[in-house]
Amino acid sequence: KPFWHPFKLAIATAPVLAASGEVFVTQPVVQIQDATGRTVVTDDTTRVTFAIDSDNGGTLGGITTARASKGVARFTDLTLTGSLDERYVLKANAAIHRSRAAEVKTAALLLGLPVLSVNFPSVAEGDTGETTHLVFKVTLSAASKSEVRVNYADTEAGTAARGTDYTVIEGDTLTFEAVETEQNITAQIK
């Protein structure tokens, strides 16, 4: 019966991207279907490959080819490194029945927001009357093509006394210029 032969690809589970370079939150699943849209459960040989189909750069990582099992190709570790300001379209393609090419594209995808991280340095407070500086390094996991602003404030946690042991860091904003991923916040320790 000709309708049982692989005829087309269909995305059963759409990918959900994470931050740039991170493993997708949801990995794609592709079905090999016959002409009527049924999964060809006898197909254990078709190899499905994902690639970026948009012209805006980016790098697809992880294992980009998966072999079908019972007509379904599952991906487990795809990543995409790119810009937050771009939309990416991914394309799955395969050579199916009698080497006929088949492909299917995802909807336009956006990378997840970058992760903000802060180191937590320490310094011994000596009550000597001398001033030293404590530098907090703030890092974005991915660069943006546009400016990113981050508000920060002193939370008054810990054993140091505000005003006596350190200068208050309060209600300020860090500005990451386009493509910048690192900033510093400096506290004055008394």
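This briefing describes the cores, salt bridges and selected residues of one protein structure.

The model is predicted, so local features require pLDDT of at least 70 and side-chain atom pairs count only at pLDDT 80 or more, while totals for chains, interfaces and linings use all residues. Residues are numbered from 1 along each chain as its sequence is written, and side-chain values use heavy atoms, with hydrogens and water left out. The largest nonpolar core has 24 residues, and a second, separate core has 12. Six salt bridges are counted.

**Nonpolar cores**

- A nonpolar core is a set of buried Ala, Val, Leu, Ile, Met, Phe, Trp, Tyr and Cys residues joined through side-chain atoms within 4.5 Å. Buried denotes under 20% relative accessible area, exposed over 50%, and partly exposed the range in between (1.4 Å probe, protein chains only).
- In the largest core, the residues with the most contacts inside it are Leu9, Val48, Phe50 and Phe75.
- Two or more residues of this core come from each of β2 (29–33), β3 (47–52), β9 (90–96) and β10 (100–105). β9 gives the most, with four residues. Strands are DSSP runs (E, at least two residues), and helices are likewise DSSP runs (H or I, at least four), numbered from the N terminus.
- The second, separate core includes Val138, Leu140, Val150 and Leu174.
- Not counting residues up to four places away in sequence, Phe75 touches Gln27, Pro28, Val30, Val48, Phe50, Ile63, Thr64, Thr65 and Ala66. Contact here means heavy atoms within 4.5 Å.

**Salt bridges**

- A salt bridge is a side-chain nitrogen of Lys or Arg within 4 Å of a carboxyl oxygen of Asp or Glu.
- Asp53 pairs with Lys91, their closest N and O atoms being 3.6 Å apart. Asp53 lies in the loop between β3 and β4 (59–61) and Lys91 in strand β9, so this pair ties together parts that are 38 residues apart in sequence.
- Asp53 also forms a salt bridge with Lys105, with the closest N and O atoms 2.8 Å apart. Because Lys105 is in strand β10 and Asp53 in the loop between β3 and β4, this pair ties together parts that are 52 residues apart in sequence.
- Asp53 is partly exposed at 24% relative accessible area, and Lys105 is partly exposed at 44%.
- Through shared partners, salt bridges join Asp53, Lys91, Glu103 and Lys105 into one network.
- Arg38 forms a salt bridge with Asp34, the closest N and O atoms being 3.5 Å apart. Arg38 is partly exposed, at 37% relative accessibility, whereas Asp34 is buried, at 0%.

**Surface patch**

- Leu116, Val118 and Phe120 form a nonpolar patch on the surface, with about 320 Å² of accessible area together. Accessible areas come from the Shrake-Rupley method with a 1.4 Å probe, and for residues only the protein chains shown count as cover.
- Patches consist of residues with over 30% relative accessible area and no salt bridge; like charges are joined within 9 Å and nonpolar side chains (Val, Leu, Ile, Met, Phe, Trp, Tyr) within 5 Å.
- Phe120 is found in the loop between β12 (116–118) and β13 (132–140) and is exposed, with a relative accessible area of 73%.

**Buried loop residues**

- Ser83 lies in the loop between β7 (79–81) and β8 (87–88) and is buried, at 13% relative accessibility. Not counting residues up to four places away in sequence, Ser83 touches Tyr88, Leu111 and Lys145.
- Tyr166 is in the loop between β14 (148–152) and β15 (172–176) and is buried, with a relative accessible area of 12%.
- Tyr166 and Leu111 are 55 residues apart in sequence and 39 Å apart in space, C-alpha to C-alpha.
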